[in-house]
Amino acid sequence: MYLPPHDPHVDDPMRFKPLFRIHLMERKCATVECMYGHKGPHNGHIQIVKKDEFSTKCNQTDHHRMSGGRQEEFRTWLREEWGRTLEDIFHEHMQELILMKFIYTSQYDNCLTYRRIYLPPSSPEDLIQPGLFKGTYGSHGLEIVMLSFHGKKAKGTKITGDPNIPAGQQTVEIDLAHPLQLPDIETLRDFSELSRIVLEVQEQVRREEQEREQRQEEEEHSQQAASQPASPLGGEGAEGEETAAGAEGRTQDKAPASQPFVLPMGVISRNEDYPRTCRVCFYGTGLIAGHGFTSPERTPGVFVLFDDDRFGFIWLELKSFSLYSRIKVSFQNAQAPSREAFDEMLKNIQSLAT
């Protein structure tokens, strides 16, 4: 198991926890041991389900139990997973979320199915190197997000999830065709001013989408070819096309100049140690939902690029800030064989989540 550092220290290294091991005895014979729990290795089973997928099963789940019962198991899990005790957590809502996560994860007893994921392919036009990032998610703690680039969009896909938004869902989407010009540092402290700027861009994006839909209907009625030029502002266009706003954003992306940055008053951040300068900001949307992924909706926000390894997202509706830091471990054989294979994988993990 590949665990994030303790909340909210996104810049700390990831943690490893062995779950099973295989002893190869001879050519077609092997012994599988479950490593879950605190009583040492015990009998387990692994099954190859299909290509890029396998399942593990513990045959002695009593080894996972503790003499103090579920209460001792919960306190031990809390200490290892969160680096704190129950007495450290004063917020009632956070206690509820943590207990929910313990119940959810511990019920599987290391009987799990594993599916291969690919790291996102990169291109010279990308804003930064795509990859895996550790991010703060309020009372949910740290979660792992995969940042990938898709033409004039960037997507942050959850690799680990929580009771509200499960793994596989697209937590943030960044509109690279709509860079945001932040006000001076004193004006930026006013949340209403930032909100005004973002909502103006949201309205602009909505109008552009309506114009694009209307244009597509007109093209269909006139039986024109499907490859007509895109709208000069924010149109999807073909893969190789670039909008005027997108070109402006690209120029701004590569510019080395940085600008002062501070969170507006009233915006909550788990990590106050965020960078005080940023390179560029873009309009984006973030996915929010109730417990059990009920009533999901995309809400406006601000994507803030700090440097090559860190970015942030201001959730306008939640008045909350998530800070993301790159996972710098090198993974072997993790590159997608093609862009199509990566896109197919993203589609598959999202369908599993829903």
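On a 1 Å grid over the protein atoms alone, a cavity is a set of points where a 1.4 Å probe fits but cannot get out, a pocket is an open set with protein on both sides within 12 Å along at least five of seven lines, and lining residues have an atom within 4 Å of a point. Grid points are joined across faces, edges and corners, and a volume is the space filled by probe spheres set on the points.

The model is predicted: local features need pLDDT of at least 70, side-chain atom pairs count only at pLDDT 80 or more, and totals for chains, interfaces and linings use all residues. Residues are numbered from 1 along each chain as its sequence is written, and side-chain values use heavy atoms, with hydrogens and water left out.

**Exercise 1. Determine how many cavities of 30 Å³ or more the structure holds, and describe the lining of the largest cavity.**

Step 1. One cavity of 30 Å³ or more is present, and the volume of the largest cavity is about 40 Å³.

Step 2. Its lining consists of Trp82, Leu97, Ile98, Lys101, Ser139, His140, Gly161, Asp162 and Pro163.

Step 3. Helices (H or I, at least four residues) and strands (E, at least two) are DSSP runs, numbered from the N terminus. Helix H2 contributes the most to this lining, with three residues.

Step 4. Ala, Val, Leu, Ile, Met, Phe, Trp, Tyr, Cys and Pro count as nonpolar, Asp, Glu, Lys and Arg as charged, and the others, Gly among them, as polar. The lining of the largest cavity accordingly has four nonpolar, three polar and two charged residues.

Step 5. Domain 1 (2-115) and domain 2 (131-193 + 256-352) each supply at least three residues to the lining of the largest cavity; the domain bounds come from an automatic or database domain assignment.

**Exercise 2. Characterise the second largest pocket by volume and lining.**

Step 1. Two or more lining residues come from each of helix H2 (92-106), strand E13 (268-269), strand E15 (280-290) and strand E18 (320-326). The largest share, three residues, belongs to E15.

Step 2. By class, the lining of this pocket has nine nonpolar, nine polar and four charged residues.
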